[in-house]
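Colleague: I would like to learn how to read a model of this kind, feature by feature. Could you take me through it, giving the general idea each time and then the case at hand?

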Amino acid sequence: MDRNALKSLSYGLYIVSSYKGDKLNGQIVNTAFQTTSRPPTIAVSINKDNLTHECIVASKVFSVSVLSEETGMKTIGTFGFKCGRDIDKFKEFEYRIGITKAPIVLTTALAFIEAEVIHRVDLGTHSLFVGNAVAAEVVGQGTPLTYDYYHRTMGGKTPEKAATFSGSDAKTEGPHGPSSSYVCTVCGYVYNPATGDPRRNITPGVAFADLPQDWTCPVCGAGKENFEKQ
Ligand SMILES: Cc1cc2nc3c(=O)[nH]c(=O)nc-3n(C[C@H](O)[C@H](O)[C@H](O)COP(=O)(O)O)c2cc1C
């Protein structure tokens, strides 16, 4: 089987949120899609190790926030590379509590959908939750963020827990060769001096050692001390 064929599937990027007791949590997914029209239903594939999985199993509800291309790496890093068991993900983001009581991330969101779980399909590592859409709203204007844009334009990576992790995504080598590139041990992002970090005004040619001390990984927000020479 040529697994490269799977990479040609297209996706968007979303934040799926839910709650358990007083704990609010959410995570990035690319695996969210509408499953039927009448009634409107929506499905998400969630890794069983994730706190979001625990929350959806407990509350039987979830929300899906549709992200825009304006979404920053801080959002991706917080919701896509960190676990809500270690941090309060909602602390620094705009959100509201929906009619299902699930939190809904509003920061750089274009729209959201709230759903009540009607089916859970056990897929081994992941559960596919299918929900009845009980509320939905357009909350912003812009271009929806796609998985392709995230990888190609934002230089983003896909962590192991994602449903579409391929194994080849974590590390890449830049034209300066292995000696000058540094890899983030948290998310797999590679700092390549040949490209710098243009989104934060680090021009091409700046060596890793010369990055400001407070520079952080553009994908997950980890500090310089979390980087290793490739
Ligand atoms: C681009 C991207 C796509 C992802 N897609 C999924 C997905 O479809 N399903 C999933 O379970 N995890 C996915 N993840 C990983 C989760 O967002 C990540 O494991 C998160 O830290 C889980 O947080 P939690 O433990 O607080 O729930 C994705 C992450 C990224 C960055």
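Modeller: What follows is a walk through the ligand site, the aromatic pairs, a helix, some loop residues and the backbone.

Modeller: This is a predicted model, in which local features need pLDDT of at least 70 and side-chain atom pairs count only at pLDDT 80 or more, while totals for chains, interfaces and linings use all residues. Residues are numbered from 1 along each chain as its sequence is written, and side-chain values use heavy atoms, with hydrogens and water left out.

Colleague: Which residues come nearest to the ligand?

Modeller: A residue is near a molecule if one of its heavy atoms lies within 4 Å of it. Here there are 28 residues around the ligand, and those that come nearest are Thr31, Asn47, Thr52, Gly84 and Lys89. By class, the shell has 13 nonpolar, eleven polar and four charged residues, where Ala, Val, Leu, Ile, Met, Phe, Trp, Tyr, Cys and Pro count as nonpolar, Asp, Glu, Lys and Arg as charged, and the others, Gly among them, as polar.

Colleague: Which polar atoms of the protein lie by the ligand's own oxygen and nitrogen atoms?

Modeller: A polar contact is a pair of N or O atoms within 3.5 Å; within protein, one must be able to donate a hydrogen and the other to accept it, and residues adjacent in sequence count only if both atoms are side-chain atoms. In the side chain of Thr31, an N or O atom is 2.5 Å from an oxygen atom of the ligand, whereas Ser45 places a polar backbone atom 2.9 Å from a ligand nitrogen. Phe79 also takes part, with a backbone N or O atom 3.4 Å from an oxygen atom of the ligand. The protein covers 98% of the 650 Å² of accessible area that the ligand has on its own, areas being computed by the Shrake-Rupley method with a 1.4 Å probe, and with only the protein chains shown counting as cover for residues.

Colleague: Which element gives the most to that shell?

Modeller: Helices (H or I, at least four residues) and strands (E, at least two) are DSSP runs, numbered from the N terminus. Strand S2 (23-29) gives the most, with four residues, and the elements that give two or more also include strand S4 (41-47), helix H1 (51-59), helix H2 (73-81) and helix H3 (147-152).

Colleague: How many aromatic pairs are found in the whole structure?

Modeller: Rings of Phe, Tyr and Trp (its six-membered ring) pair if their centres lie within 6.5 Å, and planes under 30 degrees apart count as stacked, over 60 as edge-to-face and the rest as tilted. The search finds eleven pairs. One of them joins Phe79 and Phe90 edge-to-face, at 5.7 Å centre to centre and with 85 degrees between the planes; Phe79 is in helix H2 and Phe90 in the loop between H2 and strand S6 (95-97), eleven residues apart. Elsewhere, Tyr182, Tyr189, Tyr191, Phe208, Trp215 and Phe227 form one aromatic cluster.

Colleague: Why is H2 described as largely enclosed?

Modeller: Buried means under 20% relative accessible area, exposed over 50%, and partly exposed in between (1.4 Å probe, protein chains only). Seven of the nine residues of H2 are buried, so this helix is largely enclosed by the rest of the structure. The buried residues are Met73, Thr75, Ile76, Gly77, Thr78, Phe79 and Phe81, and their cover includes strand S1 (14-20), S2, strand S7 (103-105) and H3.

Colleague: Is Cys220 buried or exposed?

Modeller: Cys220 is buried, with a relative accessible area of 3%, and belongs to the loop between strand S11 (190-191) and strand S12 (227-229). Contact means heavy atoms within 4.5 Å, and, not counting residues up to four places away in sequence, Cys220 touches Gly77, Phe81, Lys82, Cys184, Val186 and Cys187. Glu160, by contrast, is exposed at 64% and is found in the loop between H3 and strand S10 (182-184).

Colleague: Which peptide bond is cis?

Modeller: The bond from Arg38 to Pro39 is cis, with omega near 0 degrees, and Pro39 sits in the loop between strand S3 (32-36) and S4. As for phi, Lys101 has a positive value of about 80 degrees although it is not a glycine; Lys101 lies in the loop between S6 and S7 and counts as exposed at 55% relative accessibility.
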